[in-house]
Amino acid sequence: MTSTKVSDYVLRRLREWGVEHVFAYAGDGINGLLAAWGRADDKPKFVQARHEEMAAFQAVGYAKFSGKVGVCAATSGPGAIHLLNGLYDAKLDRVPVVALVGQTNRSAMGGSYQQEVDLQSLYKDVASDFCETATVPEQLPNLIDRAMRTAYARRTVTAVILPADVQELDYSPPTHAFKMVPSSLGMSDYAPVPADADIARAAEVLNSGERVAVLIGQGARGARGEVERLADVLGAGVAKALLGKDALPDDLPYVTGSIGLLGTRPSYELMQECDTLLVIGSSFPYSQFLPELDQARAVQIDLDPHMIGLRYPFEVNLVGDARETLQRLLPRLHRKTDRAWRQKVEENVARWWEVMQRRAAVDADPVNPEYVVHALDGKLPDNAILTADSGTAADWYARHLRLRGTMRGSLSGTLATMGPGVPYAIGAKFAHPDRPAIAIVGDGAMQMNGMMEMVTAAKYHHEWSDPRLVVAVLNNGDLNQVTWEMRAMTGAPQFEESQHLPDLPYADIARSIGLDGVRVEKPKHVEAAWDRALAADRPFVIDFRTDPAVPPIPPHATLDQIEAAATAILHGDSDTGSVIKQGLKAKVQEFLPGTRHRHDRPGAGRDDSTSGK
């Protein structure tokens with residue numbers, strides 16, 4: 001009878017936890033695990049990324065879209081180092097991910113051996129809630145159980161370090177003896193709720209308000225029905241942090257859309273004019289986009305007591321599950337009879353979408369990126385999963401796409417790292433192989449790592465019941481978000497050596513590896529390209545040649561920022577003429593006459609640039 005190795009038991013315990021996929025890359029530091037995978041008939045499935053960072057991003061995407069723990073694995077030394085960026089993305093976005101990491105043999109540790117890195121120190125921050133090294137077989141199953149349970153319970157990153165020689169040891173379980181730690185599988189669902197007295201205090205604040213604003217994040221995703229009922233009772237408008245974009249449908253007339261630098265004008269106005277604020281399941285960090293600190297009475301609901309009370313001087317801090325807390329709060333709320341505030345919010349939202357449509361219709365050279373994304377909005381499959389990369393791709397994702405029904409979407413919300421758009425979508429396909437995934441990425445991110453991860457898509461797409469994975473590359477030859485930040489924030493002109501990108505034939509490359517794709521250089525071909533991609537029988541890359549001079553003007557743009565951009569242009573920006581032309585044409589769309597709705601407050605139609613950053 002063949003003995004069970006530690007590596008065999010690790011995979012067995014993962015299976016017992018319901019783990020079906022491990023996103024990984026091979027290396028001799030995990031040779032024992034690789035051999036065990038062979039003996040286990042590839043269960044859980046080893047998903048081979050092209051790079052360990054991409055394996056971590058795929059685990060994050062899988063976790064975000066499945067609700068399960070994402071698991072990734074890498075070899076010792078460089079493999080473990082490569083995982084870090086993706087793991088930090090998980091930690092900062094509060095996503096449960098477990099990393100299995102190889103290490104040199106115990107006999108070599110401390111001997112400056114090849115690929116020996118002090119992994120306990122390296123992972124001390126990213127896996128601060130649980131990071132342990134297995135040195136004897138009897139530490140299992142405890143290490144795996146605690147890594148899984150802690151990742152689930154605290155929505156964070158945990159790590160188990162497995163020295164190469166330990167992986168090859170015969171497994172022996174902990175015994176009923178001194179200094180042995182037996183363990184058990186699983187954990188029950190739980191939903192903490194605040195005390196009744198605290199809920200009553202929160203109800204008093206919300207009932208007293210006349211102009212209620214609600215801000216939701218990803219923590220409100222399981223409370224969609226309750227948020228809708230609360231917004232109706234209080235006559236409130238609802239804004240969304242980017243990680244909560246799919247927590248409430250965008251086709252509800254009182255949903256103002258995203259908030260912040262990438263946000264919408266109605267969300268900005270909602271926060272500027274409210275007298276009461278309710279934040280649910282969000283730690284949105286940019287307080288300058290919230291009401292003035294003495295403007296609104298405020299209540300926060302968050303599951304994590306460590307994150308409660310942040311960002312604003314909240315009067316009541318409710319620690320609890322969003323759904324359960326709202327279910328207890330709703331019966332205490334009084335329906336607002338005066339609906340003028342709600343009507344104004346809805347008028348602002350309707351006006352915004354008219355502006356978005358007109359901005360998308362602005363001519364550009366060769367294609368307006370806002371039109372590219374706006375054209376997708378009406379074509380989104382009902383069950384689509386969307387990802388966006390960091391950069392101006394995130395601007396257009398935030399502003400032009402209305403997520404409806406069961407659609408899901410995410411990006412790197414807190415770390416805001418480049419590169420997760422494509423691997424997130426691949427992780428989503430393993431979580432939901434029957435749903436189409438769409439990634440919107442810039443050419444910078446596509447060159448950084450997205451193009452090579454299309455090789456991963458080519459390797460696995462035959463296993464997906466719905467093979468559609470559409471990658472839209474906004475190819476403008478520029479690291480555009482940084483370019484605009486340089487112009488607007490510091491008044492610096494574009495620095496060509498850092499900003500200019502070579503033009504790659506992304507669609508041609510996709511076709512060369514057995515996928516499909518098309519290059520779009522004229523606006524009239526945009527919709528047909530989306531139609532073709534969404535009907536494809538394999539992953540599809542659309543290379544949209546977009547205009548870098550279309551500015552991601554924030555809805556609250558100040559005169560100082562506009563002046564800084566003008567200063568940059570006057571100092572010799574290479575795109576001077578186009579920047580002036582596109583900037584004026586895009587901004588003027590907000591103030592065109594003849595629309596159905598106008599702001600009824602003083603100064604309607606102005607930029608209001610003095611009202612705040």
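Biologist: Is Asp543 buried or exposed?

Modeller: Asp543 is buried, with a relative accessible area of 0%. Keep in mind that this is a predicted model.

Biologist: Where is Asp543 found? What does Asp543 touch?

Modeller: Asp543 is found in strand S18, residues 540–545. Leave out residues up to four places away in sequence, and Asp543 touches Val473, Asn475, Leu504, Pro505, Tyr506, Ala507, Val518, Arg519 and Val520.

Biologist: Now helix pairs. How are two packed helices described?

Modeller: By the angle between their axes and the distance between the axes. Take helix H3 (residues 52–66) and helix H4 (residues 78–92): their axes come within 7 Å and cross at roughly 30°. That angle makes H3 roughly parallel to H4, because angles under 35 degrees count as roughly parallel.

Biologist: Is the crossing of H3 and H4 right-handed or left-handed?

Modeller: The H3 and H4 crossing is right-handed.

Biologist: Which residues of H3 and H4 meet?

Modeller: From H3 come Glu52, Glu53, Ala56, Phe57 and Val60. They meet Gly79, His82, Leu83, Asn85, Gly86, Leu87, Asp89 and Ala90 in H4. By class, the H3 contact with H4 has six nonpolar, four polar and three charged residues.

Biologist: How do H10 and H12 pack?

Modeller: Helix H10 (residues 265–273) and helix H12 (residues 340–360) pack at an angle of about 155°, and their axes are 8 Å apart. Angles over 145 degrees count as roughly antiparallel. H10 and H12 are therefore roughly antiparallel to each other.

Biologist: Which residues meet in H10 and H12?

Modeller: On the H10 side, Arg265, Pro266, Glu269, Leu270 and Glu273. On the H12 side, Trp341, Lys344, Val345, Asn348, Val349 and Trp352. The contact of H10 with H12 divides into six nonpolar, one polar and four charged residues.

Biologist: Which residues of H6 are buried, and what covers them?

Modeller: Asn142, Leu143, Ile144, Asp145, Ala147, Met148, Thr150 and Ala151 are the buried residues. Their cover includes helix H1 (6–16), strand S4 (97–103), strand S5 (131–133) and strand S6 (157–163).

Biologist: Where is Pro44 found, and is the peptide bond from Lys43 to Pro44 cis or trans?

Modeller: Look at omega for that. The bond from Lys43 to Pro44 is cis, with omega near 0°. Pro44 is found in the loop between helix H2 (31–39) and strand S2 (45–48).

Biologist: What is the phi of Asp41?

Modeller: Asp41 has a positive phi of about 60°, although it is not a glycine. Asp41 also belongs to the loop between H2 and S2. Asp41 is exposed, with a relative accessible area of 58%.

Biologist: And what is the phi of Arg311?

Modeller: Arg311 is not a glycine, yet its phi is positive, about 85°. Its place is in the loop between strand S11 (297–302) and strand S12 (316–319). Arg311 is partly exposed, with a relative accessible area of 33%.

Definitions and conventions: Residues are numbered from 1 along each chain as its sequence is written. This is a predicted model: local features need pLDDT of at least 70, side-chain atom pairs count only at pLDDT 80 or more; totals for chains, interfaces and linings use all residues. Side-chain values use heavy atoms; hydrogens and water are left out. Axes are lines fitted to C-alpha atoms, for helices over the stretch in contact, and angles run from 0 to 180 degrees between N-to-C directions. Helices (H or I, at least four residues) and strands (E, at least two) are DSSP runs, numbered from the N terminus. Angles under 35 degrees count as roughly parallel, over 145 as roughly antiparallel, 65 to 115 as roughly perpendicular and the rest as oblique. A crossing is left-handed if the near helix is turned anticlockwise from the far one by less than a right angle, and right-handed if clockwise. Contact means heavy atoms within 4.5 Å. Ala, Val, Leu, Ile, Met, Phe, Trp, Tyr, Cys and Pro count as nonpolar, Asp, Glu, Lys and Arg as charged, and the others, Gly among them, as polar. Buried means under 20% relative accessible area, exposed over 50%, partly exposed in between (1.4 Å probe, protein chains only).
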